[in-house]
Amino acid sequence: MGAMAISLRHPALALPAAVVAAGSATLAYGAGVETRWFHLRQANVPVLPTGHRDVQVLHLSDLHLVPRQARKRAWVCELASLQPDLVVNTGDNWAAPDALPALLDTYGPLFEFPGVFVWGSNDFFAPVPKNPARYLMPRDDSFRRGRPLPWRELGAALTRRGWVDLTHTRHELRVSGTRLQLRGVNDAHLDYDHYDRVAGAPAEGVDLAIGVTHAPYRRVLDAMAADGLGLLLAGHTHGGQLRLPGYGALVSNCDLPVRQARGLSRWPVPGQSSARDVDPAWLHVSAGLGCSPWSPVRIACPPEATLLTLTARQPA
């Protein structure tokens, strides 16, 4: 009678290996596929006075560009075919000190349109390696400062091409008969924000006031909404970057509720105690077009730009 081969491998012992394999496959997909799967999100926002024509705003954020990203660069260039009325850039443009020529080339066709911008933390400092698990902490407000980036040179280049630096300033323009007033703050993630410098009610005769910030911290959003701004634009969150299908974002990388880490919502959320006596503004948070080169993974959260069509409010 021949010897019987006996397996000492219990079925339960195979589970961790299966989990590891599934996790590895997911990360490979998130790094190799989804980070290159660029999307255009579109949304209508009823914020204009009755009878006004639509205004189209292209919202860009968080490119985290390095020169080798040819596919991303080409995709962003083609956004000029949308012919937006206004481009709003909410920061974190680059991720390397040698990225300026590539970044200006990427934005080149979009300089044909009026634009404004604010700064994010990774406009000032290059990203550095860190434990990816820290990103999944409910409130990881830490920021490790890497090599300083030549942000002043970038700002000068953007303004020479016609875009307006909104850092702690107001700017007005008229689009399709609509008078817009925009105001912005420096990066709130680094505590560089000083909203008091631009605080106050919109100027008389303004049809829509828009607030622009990189990181959507509650203190900034609350102050802007309390001043009567009708639309708030932000980035920073990467939409959570790692989302669970059917659940959504796990983190927002700030104190914004995770359910608002991507897309269009209202602020303050109707029903919150802080919303008393304040008409909620519309809030759009871009999931952005990139991520840190040290954490090049997106799951259930493809990179995106957004075309917001500002429409007239319906008569009461």
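At 35% relative accessibility, glutamate 172 is partly exposed, a class that lies between buried (under 20% relative accessible area) and exposed (over 50%), with a 1.4 Å probe and protein chains only. Glutamate 172 meets arginine 179 in a salt bridge, 2.8 Å from N to O. The model is predicted: local features need pLDDT of at least 70, side-chain atom pairs count only at pLDDT 80 or more, and totals for chains, interfaces and linings use all residues. Residues are numbered from 1 along each chain as its sequence is written, and side-chain values use heavy atoms, with hydrogens and water left out.

**Salt bridges**

- The structure contains six salt bridges, each defined as a side-chain nitrogen of Lys or Arg within 4 Å of a carboxyl oxygen of Asp or Glu.
- Arginine 41 and glutamate 304 form one of them, with 2.9 Å between the closest N and O atoms.
- This pair ties together parts that are 263 residues apart in sequence, because glutamate 304 lies in strand β14 (residues 304-312) and arginine 41 in strand β1. Strands (E, at least two residues) and helices (H or I, at least four) are DSSP runs numbered from the N terminus.
- Glutamate 304 is buried at 3% relative accessible area, whereas arginine 41 is partly exposed at 27%.
- Aspartate 227 and arginine 183 form a further salt bridge, their closest N and O atoms being 3.6 Å apart.
- Arginine 183 belongs to strand β7 (residues 178-184) and aspartate 227 to the loop between α6 (218-226) and β9, so this contact ties together parts 44 residues apart in sequence.
- Arginine 183 and aspartate 227 are both buried.
- A network of salt bridges links Asp191, Asp193 and Arg219.

- Strand β13 (residues 281-285) is largely enclosed by the rest of the structure, because five of its five residues are buried.
- β13 pairs in the parallel sense with strand β9 (residues 231-234) over four bridges; pairing requires at least two DSSP bridges between two strands.
- Strand β12 (residues 263-267) runs antiparallel to β13 and is joined to it by five bridges.
- Valine 285 of β13 is the bridge partner of alanine 234 and also stands opposite glycine 263.

**The six-stranded sheet**

- An open sheet of mixed pairing has the strand order β1-β14-β2-β3-β4-β5.
- Its edge strands, β1 (39-48) and β5 (163-165), each pair on one side only.
- Strands β2 (residues 55-60) and β3 (residues 86-89) pair in the parallel sense over four bridges, with leucine 58 partnered by valine 87 in β3.
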